[in-house]
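Trainee: I would like to take a close look at one part of this model and how it sits among its neighbours. Could you walk me through it slowly?

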Amino acid sequence: MKRQKNKLAGLQRRKAVSGYLFIAPFIIGFLLFMVQPLCQSLYMSFCNVQLGAGSFDPVWRGLFNFDYAFRVDPEYVRLLTEELTRMAIYSVSIMVFSFFVALVLNQKFKGRALVRAVFFLPVILASGVMLKLDSENSLMATLAQTVEVNGQGGASITDALQNILRTSGVGVRAFEELFEVINNIYDVAISSGIQIIIFLSGLQTISASMYEAADIEGCTKWESLWKITFPMVSSLFLVNWIYTITDFCMRSDNAVIERITNYMNINLNYGLAAAMSWTYFVLVMVIVAVSAFIISKGVYYYE
């Protein structure tokens, strides 16, 4: 028994060493290139940065920049609230969509490899160069505008349902958010590539014998989903949730980031831009910490 415990301890130690070796490049790069700019940005958030000839001089002003961001700036609080709300809605939508697609792609059917490649294409399209080409493509913009104009002249199922629910007064706000997600399903799909791959890798580790035993016991597919599939991949929900939130905050269409960028590049107010950035960063970290703590309570870990 003692020898077996020593073997397990050695295996866990080797896994830990392998994990640290994988993240070592990031840790080294972060310590060498990111710690100093972060500390400098934090200090600038409490200062009025005066630009000079090839240099800048920070003058300490305390909490003035934070007070200006929340009490004087007419747009920051509203944009912050809207983006955090949109982040929560779209993150949940991406999680549901990616899990459902991973379940479909895990089934055996002809052309499965091709379908998997198609769903991985959004990861390539979401990269920096391809995303810029997509956003600046005049042909795609003209096509989208044509579809929008034609859609306004014809009958739309979503518009009809929205009008019915709006007149009935039942869950108007919730259904409006739901229809907004449905109308922007392209954005959800293009942001779900990595999550689909992570879920799919977890689904493939589940032994088929578990489902066979459940079938023998008379378990339905729906019961197998909640009693076997969901618990076995529950740890991946935490990973994907943190990744999804982080990825959303780095989107190019983030209104808060655009506001901060305008203060930094146009108004040259580096102190206020740093204060807004750190406020946004802290709020996102709080959301990640609280949601991760809640999700971790329902995670099932197995050996």
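Trainee: In which hand, left-handed or right-handed, does α4 pass α14 at their crossing?

Mentor: Please keep in mind that this is a predicted model. The crossing in which α4 passes α14 is right-handed. To place it in its setting, the protein chain has 303 residues, of which 28% are buried, and its secondary structure comes to 16 helices and two strands. Among the contacts between residues at least 6 apart in sequence, 67% join residues at least 24 apart.

Turning to the pair you asked about, helix α4 covers residues 76-105 and helix α14 covers residues 234-249, and the two pack with their axes 10 Å apart at an angle of about 135 degrees. An angle over 145 degrees would count as roughly antiparallel, and α4 and α14 are therefore oblique to each other. On the α4 side, the residues that meet α14 are Glu83, Arg86, Met87, Ala88, Tyr90, Ser91, Val92, Ile94, Met95 and Phe99. Their partners in α14 are Phe237, Asn240, Trp241, Thr244, Ile245, Phe248 and Cys249. Sorted by class, the residues of this contact divide into twelve nonpolar, three polar and two charged.

Helix α4 also packs against helix α15, which spans residues 255-265, and here the angle is about 150 degrees and the axes lie 8 Å apart. Because angles over 145 degrees count as roughly antiparallel, that is the description that applies to α4 and α15. The contact is made by Tyr76, Leu79, Leu80 and Glu83 from α4, together with Ala255, Val256 and Arg259 from α15. By class, this contact has five nonpolar residues, no polar ones and two charged ones.

Leaving aside residues up to four places away in sequence, Serine 192 touches Ile94, Phe97 and Ser98.

Terms used:
Residues numbered from 1 in each chain as written. Predicted model: local features only at pLDDT ≥ 70, side-chain atom pairs only at ≥ 80, totals over all residues. Heavy atoms only, no water. Helix = DSSP H or I, 4+ residues; strand = E, 2+ residues; numbered from the N terminus. Buried < 20%, exposed > 50% of the residue type's maximum accessible area, 1.4 Å probe, protein only. Contact = heavy atoms within 4.5 Å. Axes fitted to C-alpha atoms, helices over the stretch in contact; angles between N-to-C directions. Parallel < 35°, antiparallel > 145°, perpendicular 65-115°, else oblique. Left-handed = near helix turned anticlockwise from the far one by under 90°. Nonpolar A, V, L, I, M, F, W, Y, C, P; charged D, E, K, R; others polar.
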